[in-house]
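Subject: Structure for you to look at

Hello,

Here is the structure I promised you. Please open it and keep it beside this email while you read.

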Amino acid sequence: MNGPPPSAIDDLPKGLSLARYTAARLGGPADYLYIAKDPSYRDLLPLLDQAWKREMPTTVIGGGANILIADAGVRGLTIINRATEIKRVAEGNETIIAASSGTNLIRLARYCQENGLRGMEWAIAVPGTVGGAVVNNAGAHGGDIAGSLRRALIHEAEGGSRWAAAGSLAYAYRQSALKLRGSPPSFVLRADFAFARDDAAAIQRRMDEFNDYRRRTQPPGASLGSIFKNPPGDYAGRLIEAAGLKGFSLGAVQVSPLHANFIVNRSSDASASEYLALINLVRRRVQERFDIELELEIQTLGDW
Ligand SMILES: Cc1cc2nc3c(=O)[nH]c(=O)nc-3n(C[C@H](O)[C@H](O)[C@H](O)COP(=O)(O)OP(=O)(O)OC[C@H]3O[C@@H](n4cnc5c(N)ncnc54)[C@H](O)[C@@H]3O)c2cc1C
């Protein structure tokens, strides 16, 4: 899909599988697929506006690290956000960095380390894009995106593009006003962050510690990271393990023997329905055993 940007939705490729665009390697086709690469979104905004005018459903995928896409796929226009740019926009007590929302989060964390900027260490091993992180309030090791975000540039069906201050986005644990927004989505175009300066070597040491911890505690392979949020005062992984499900398999998908809140897709033949069936089984067992209703951290997308 190189060459000049298409001017009409009907010129886009139809029926391409979305599985390769998700970390779980699962999911069916998009009716229309567009890979957005222009950091200023000149290619994308006319397509989005066209879709909204036609009342066509629109879906944006960043790194696909937190979504389970239905085997039947996603209706309407799906945008894979690969618009990448990091730039320094202001310097004062803190440094303001602007990132296009398709920027890989780990790349932003590395940029900060290389430039002696503190605040993104937690993200050194968190897959996905800046946009997905802003929507989910991604976080780890005691930090999260809300901790450094100043404002986000958002494009909406009604009203076009506008700046939203971080304080207006109702951030909480893996939650934001943008995540609750539904369809048509609020498309995050760009995010501005404020970072304090720090010693690059000290930042690197903290990143090394986080990387080591991940290697020891999280499984490699195709997964969506933590499936459930931790309930107040407890850990979803601990509850799933105590319910006897660590290592439990359903077809080709398995509750990780290393970390029970991870579900790993172990085969190219696995289906999203199988993955969801295992999620539901885990949820039921934990509910029966401990009377605790686990809440999904991941999102399901498409025609279920
Ligand atoms: C191995 C592994 C480890 C993980 N560890 C962590 C962790 O430690 N902490 C953590 O918080 N998460 C973790 N995750 C989950 C995931 O990395 C985060 O949720 C990440 O922020 C998802 O970003 P994404 O770009 O992949 O979003 P996607 O999965 O592509 O999308 C998630 C949601 O955001 C929406 N969205 C994406 N981009 C935009 C945009 N530009 N504008 C509007 N909406 C958008 C999508 O429509 C969807 O609803 C992990 C995942 C994996 C696979």
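Start at Ile 263. Leaving out residues up to four places away in sequence, Ile 263 touches Ser 223, Ile 227, Val 253, Gln 254, Val 255, Ser 256, Tyr 275, Leu 278 and Ile 279. Keep in mind that this is a predicted model.

Ile 263 also belongs to the largest nonpolar core, which has 86 residues. Which members touch the most others? They are Leu 68, Val 134, Val 188, Ile 263 and Tyr 275. Helix H6, residues 272–290, supplies the largest share of this core, with six residues.

Now the sheet around Ile 263. Three strands make an open sheet, in the order S14-S15-S16, and the pairing is antiparallel. Strand S14 (249–250) and strand S16 (263–265) are at the edges. Each has a single partner strand, so one side of each has no neighbour in the sheet. Strand S15, residues 253–255, pairs with S16 over three bridges, in the antiparallel sense. Find Val 253 and you will see Asn 265 of S16 opposite. H6 lies across S14, S15 and S16, and runs at about 25 degrees to S15.

Next, helix H2, residues 105–114. Which of its residues are buried? Leu 105, Leu 108, Ala 109, Cys 112 and Gln 113 are. An α-helix has 3.6 residues a turn, so residues three or four places apart point the same way.

What do the buried residues of H2 pack against? The partners are strand S6 (86–91), strand S7 (95–100), strand S8 (117–118), helix H3 (130–136), strand S13 (187–197) and helix H4 (200–217). After H2 comes Gly 116, with a positive phi near 65 degrees.

S6 and S7 form a hairpin, with three residues between them. They run antiparallel and are joined by five bridges. Glu 91 stands opposite Thr 95 in S7. Is Leu 33 buried or exposed? Leu 33 is buried, because 21 other C-beta atoms lie within 10 Å, and the cut-off for buried is 20 or more. Apart from neighbours within four places in sequence, Leu 33 is in contact with Leu 12, Pro 13, Leu 16 and Thr 78. Arg 162 is 129 residues away along the chain, and the C-alpha atoms of Leu 33 and Arg 162 are separated by 25 Å.

Last, the domains. The domain assignment gives domain 1 (9–81), domain 2 (86–217) and domain 3 (236–301). The C-alpha centres of domain 1 and domain 3 lie 27 Å apart. Where they touch, 12 residues of domain 1 are in contact with 11 residues of domain 3. On the domain 1 side, strand S4 (residues 67–69) gives the most, with three residues.

Best wishes

Note on methods
Residues numbered from 1 in each chain as written. Predicted model: local features only at pLDDT ≥ 70, side-chain atom pairs only at ≥ 80, totals over all residues. Core = buried A, V, L, I, M, F, W, Y, C linked by C-beta atoms within 7 Å. Buried ≥ 20, exposed ≤ 12 C-beta atoms within 10 Å, placed from the backbone. Helix = DSSP H or I, 4+ residues; strand = E, 2+ residues; numbered from the N terminus. Contact = placed C-beta atoms within 7 Å. Pairing = 2+ DSSP bridges. Axes fitted to C-alpha atoms, helices over the stretch in contact; angles between N-to-C directions. Domains from an automatic or database assignment.
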